[in-house]
Amino acid sequence: MGTLTPYLCLLLGALVGSGLTYLTIRNKLSRKDLRSLFTLKRTIKDLEFERKLLMRAQDNMLIVLDDKHLIKLANKDAIKFFGKKNITQRHYTEIIKIPELLSTLDEAIQTQQALKRELLLTVESDDFQAGEERCFQVSIKFIDGDHHDKHTRIHLHDITEQYRTEQMRKDFIANASHELRTPLAIINGYVETLMDEDIIEDTETSQHFLGIMKKHGQRLARIIEEMLLITKLESGVKNTLNYEPFRLKEIIDECIVHLDQMIKEKGVIVKIKMDEPDLTIEADKFYWSQILFNLVENAIKQNPERQLKVKIGCTQCKRTGKIKIWVSDNGVGIPAADLPYIFRRFYRVEKHHSQYKIKGTGLGLSIVKRAVEAHQGTIKCDSIQDQLTRFSISLPPTMRVEDLSAK
Ligand code: ADP
């Protein structure tokens, strides 16, 4: 107790002191003064709340530096992004560690010139995958304080989605032009040769050339058709799907008839496995014919030099009610490194093509994926090289309808 006595005395003294100060102020101030004091207090509180609200309302990251380049203000998103709680009153170089962002900020501060720039930044924040590359619109401006002091306003707007879409559009145009140029150049080459009088009179050679031109003309037409289909699927086709009930077996049979020549030529064994041959779904039949055709055609054309078995099946999962459709083959398979990319537009596994010169546009699987997704389904591919490649589609149970023709 003895050791605590001086502290207790101090505390008591402080309390008595503040009480006395309060009483002195109260006695000295009139009621009117007191009212103004309370109004002022409320205004300050309101202003503080407004400032907080404004900072929160910013859906982008916002940081303000004072004239000594210490962080004066930072909104929640900025605090989260830079991963540090106490960022105010610290020099920006202590907090901003991303090199490209730091050098941009240094540049603006040195030149005292406002700056707006798109930056690709490798970020480490909790909201993103470690080391993820994201695109930001960075805007730096200088604002005057009340005492002619300069403040720096840093604004970061995450535009990764727009950037990726734009990138995909650019890649699509570049790839499409490349794919179209090759058959066109071949056709033009043969036209020029045929225009040579000696050759046009040689019926056998000119027929051979015309055959090649026809083949490349057909390829051009297929690329254009598939590109149009992708564009349609990407421009909100979900609302324009033509839903009608049909049996899955019906489109599987149609697909095999279409590929009959290829199947016979290559001696492919095709097996269909259906627990319920009458399994009927309500969907856009046109797209489902395309989906099956592309998957089965791929299974056959990617594997020309082996005893090929292709299996097509569908069933409804008893537990989840989901409709499962699959196409598998025992061919060359897809290397694990290529698997994540096969649904991308124009993606083709290089190894396959240099080996066998397989004709394809690289658009087939991206059409399949987009068409499945337009029906609220998912698709995945598993592959063990030289053993098994299996494309599995899963559709919501609601797609199943009663087989009307059975009535
Ligand atoms: P393509 O027009 O080239 O067939 P796709 O988009 O249909 O384009 O397929 C992309 C790539 O995936 C193909 O080029 C091929 O390398 C690979 N692939 C697709 N299906 C199979 C399969 N069943 N077996 C082996 N490789 C396949």
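**Before you start**

Residues are numbered from 1 along each chain as its sequence is written, and side-chain values use heavy atoms, with hydrogens and water left out. Because the model is predicted, local features need pLDDT of at least 70 and side-chain atom pairs count only at pLDDT 80 or more, while totals for chains, interfaces and linings use all residues.

**Stop 1: the sheet**

Strands here are DSSP runs of E with at least two residues, helices are runs of H or I with at least four, and both are numbered from the N terminus. The three strands form an open antiparallel sheet in the order 6-8-13. Two strands pair if DSSP finds at least two bridges between them.

Why is one side of strand 6 and of strand 13 left without a neighbour in the sheet? Strand 6 (243–247) and strand 13 (400–401) stand at the edges, so each has a single partner strand.

Now zoom in on strand 8, residues 280–284. Two bridges join strand 8 to strand 13 in the antiparallel sense. Pick Thr 280: Val 401 of strand 13 stands opposite.

Next, show helix 11, residues 285–301. Helix 11 packs on the sheet and touches strand 6 and strand 8 (contact means heavy atoms within 4.5 Å). The direction of helix 11 makes about 100° with that of strand 8. Axes are lines fitted to C-alpha atoms, for helices over the stretch in contact, and angles run from 0 to 180 degrees between N-to-C directions.

**Stop 2**

Side chains of opposite charge can pair when their charged atoms come close. A salt bridge is a side-chain nitrogen of Lys or Arg within 4 Å of a carboxyl oxygen of Asp or Glu. The count comes to 20 salt bridges.

Select Glu 132 and Arg 164. Their closest N and O atoms are 3.5 Å apart. Glu 132 lies in strand 4 (residues 132–144) and Arg 164 in helix 6 (residues 160–194), so the pair ties together parts 32 residues apart in sequence.

Is Glu 132 buried or exposed? Glu 132 counts as buried, at 15% relative accessibility. Buried means under 20% relative accessible area, exposed over 50%, partly exposed in between (1.4 Å probe, protein chains only). Arg 164 is partly exposed, at 35%.

**Stop 3: helix 9**

Finish with Lys 249 and Asp 253, a salt bridge at 3.0 Å, N to O. They are four residues apart in helix 9 (residues 248–258), so about one helical turn separates them.
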